[in-house]
Amino acid sequence: MTVNTALDGDIAVITLDRQKALNALSFAQLDALDEAIAQVARSAARGLVVVGAGDKAFCAGADIPELTGRTLHEEHEGSRLGQEVFERISRLRIPSVAVIQGYAFGGGLELALACTFRVATPAARMGLPEIKLGLIPGYGGTQRLPRLIGEGRALELILSGRTLKADEAERIGLVNRVVQEGTPAGIGRDFLVPYLQYGLPALDLARQAVQRGMQTTLEHGLRIERDLSTLAYRTADAAEGMQAFIEKRAPLFKDA
Ligand code: HXC
């Protein structure tokens, strides 16, 4: 088993575990990751933490030897597989966080970009170095990075392939926070705690409104927001949340 899934209370933890290759993602591992995501989606988990095993790397990217000697069609399908697996993470209705300890390069950083949030340890190093291999990112990096940090910064990082340290990544908004103390799974769990108090429908609809809005015009995005906020308004959790406010008590959300 190269991708492990464990449920720690309300939180699922997916561990990429192929330490001899710095947790690089082979196609078999991408399949295992896909299965792990499906398992998490079926579980009662209310948050997902993605970590790499060991202290050297979150994930060093796609498995480079495996990328050599492939036909154009095989490569196209490989890119599609990575994109689809990462897209499934980004569409999970529960919040997810990638904890970047050590290296996150290429496909490894693209995996982190597909999560709702990213946290780094001070020793983290990250980048999209595909250009150095004569490649370009193929698992969503050219699309998610500019949406996250802006076109100019994304172009600089993708065209130079340069490595960022944790503090710069935090400054430009590539990671949400740098955290010094704790195990990667513990850091991820602590990061997600504030979100566990809210109902999943509102968390999911808010994420959808932001992500879908980022893909379209302001006018269409506002339309999406109207529709999704109306859906949120009709949930039992919204009725409970507003009633609790009026009664000056804490709400009891039921994810409904
Ligand atoms: C396969 C990898 C690997 C990778 C490292 N290893 N990265 N194996 N695929 N992406 C292996 C090394 O070959 C080595 O195996 C072992 O892991 C330890 O790596 P070292 O290089 O010895 O470690 P270190 O000197 O600490 O350097 C770490 C590193 C470097 C800076 C992360 O390994 C590196 O630059 N890796 C490549 C990163 C990269 O270019 N990623 C993008 C891949 S392309 P042995 O057997 O020698 O001990 C990509 C494209 C996605 O992701 C889209 C495709 C469509």
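## Helix α8 and the model

Phenylalanine 191 and tyrosine 195 sit four residues apart in helix α8 (residues 184–196), so about one helical turn separates them. Helices (H or I, at least four residues) and strands (E, at least two) are DSSP runs, numbered from the N terminus.

This is a predicted model: local features need pLDDT of at least 70, side-chain atom pairs count only at pLDDT 80 or more, and totals for chains, interfaces and linings use all residues. Residues are numbered from 1 along each chain as its sequence is written, and side-chain values use heavy atoms, with hydrogens and water left out.

## Aromatic pairs

The structure contains five aromatic pairs. One of them joins phenylalanine 86 and tyrosine 139: the ring centres are 5.6 Å apart and the planes meet at 80°, so the pair is edge-to-face. The pair bridges distant parts of the chain, 53 residues apart. Phenylalanine 86 belongs to helix α3 (residues 72–90), whereas tyrosine 139 lies in the loop between β8 (125–127) and α5 (141–149). Rings of Phe, Tyr and Trp (its six-membered ring) pair if their centres lie within 6.5 Å; planes under 30 degrees apart count as stacked, over 60 as edge-to-face and the rest as tilted.

Phenylalanine 86 counts as buried because its relative accessibility is 0%. Tyrosine 139 is buried too, at 7%. Phenylalanine 191 and tyrosine 195 form a tilted pair, 6.1 Å centre to centre with 35° between the planes. Phenylalanine 191 is buried at 5% relative accessible area, while tyrosine 195 is partly exposed at 24%. Buried means under 20% relative accessible area, exposed over 50%, and partly exposed in between (1.4 Å probe, protein chains only). Phe117, Phe191 and Tyr195 make up one aromatic cluster.

## Arginine 144

Arginine 144 is placed in helix α5. Its relative accessibility is 19%, so arginine 144 counts as buried. Its side chain makes a polar contact of 2.5 Å with the side chain of glutamate 87. A polar contact is a pair of N or O atoms within 3.5 Å; within protein, one must be able to donate a hydrogen and the other to accept it, and residues adjacent in sequence count only if both atoms are side-chain atoms.

Setting aside neighbours within four places in sequence, arginine 144 is in contact (heavy atoms within 4.5 Å) with Phe86, Glu87, Ser90, Leu113, Ala114 and Tyr139. Two of these names, Phe86 and Tyr139, also form the edge-to-face pair.

## Ligand shell

The ligand is surrounded by 22 residues, where a residue is near a molecule if one of its heavy atoms lies within 4 Å of it. The closest are Lys56, Ala60, Ala62, Ile64 and Gly107. By class, the shell has 12 nonpolar, four polar and six charged residues. Ala, Val, Leu, Ile, Met, Phe, Trp, Tyr, Cys and Pro count as nonpolar, Asp, Glu, Lys and Arg as charged, and the others, Gly among them, as polar.

A polar backbone atom of lysine 20 is 3.4 Å from a ligand oxygen. A backbone N or O atom of isoleucine 64 is 3.0 Å from a ligand nitrogen. For glycine 107, a polar backbone atom is 2.8 Å from a ligand oxygen. Taken alone, the ligand exposes 1000 Å², and the protein buries 63% of that; accessible areas come from the Shrake-Rupley method with a 1.4 Å probe, and for residues only the protein chains shown count as cover. Elements giving two or more residues to the shell are α2 (64–67), β6 (103–105) and α4 (107–114).

## Positive phi

Leucine 22 has a phi near 50°, a positive value in a residue other than glycine. Leucine 22 lies in the loop between β2 (11–16) and α1 (27–42). At 24% relative accessible area, leucine 22 is partly exposed.

Lysine 248, also not a glycine, has a positive phi near 55°. Lysine 248 falls in the segment after α11 (236–246). Its relative accessibility is 76%, so lysine 248 counts as exposed.

Glutamate 170 is in helix α7 (residues 166–171). It is partly exposed, at 36% relative accessibility. Not counting residues up to four places away in sequence, glutamate 170 touches Val175, Asn176, Arg177 and Val178.

Glutamine 215 occupies the loop between α9 (200–213) and α10 (218–233). Glutamine 215 is exposed, with a relative accessible area of 55%. Glutamine 215 and glycine 173 are 42 residues apart in sequence and 19 Å apart in space, C-alpha to C-alpha.
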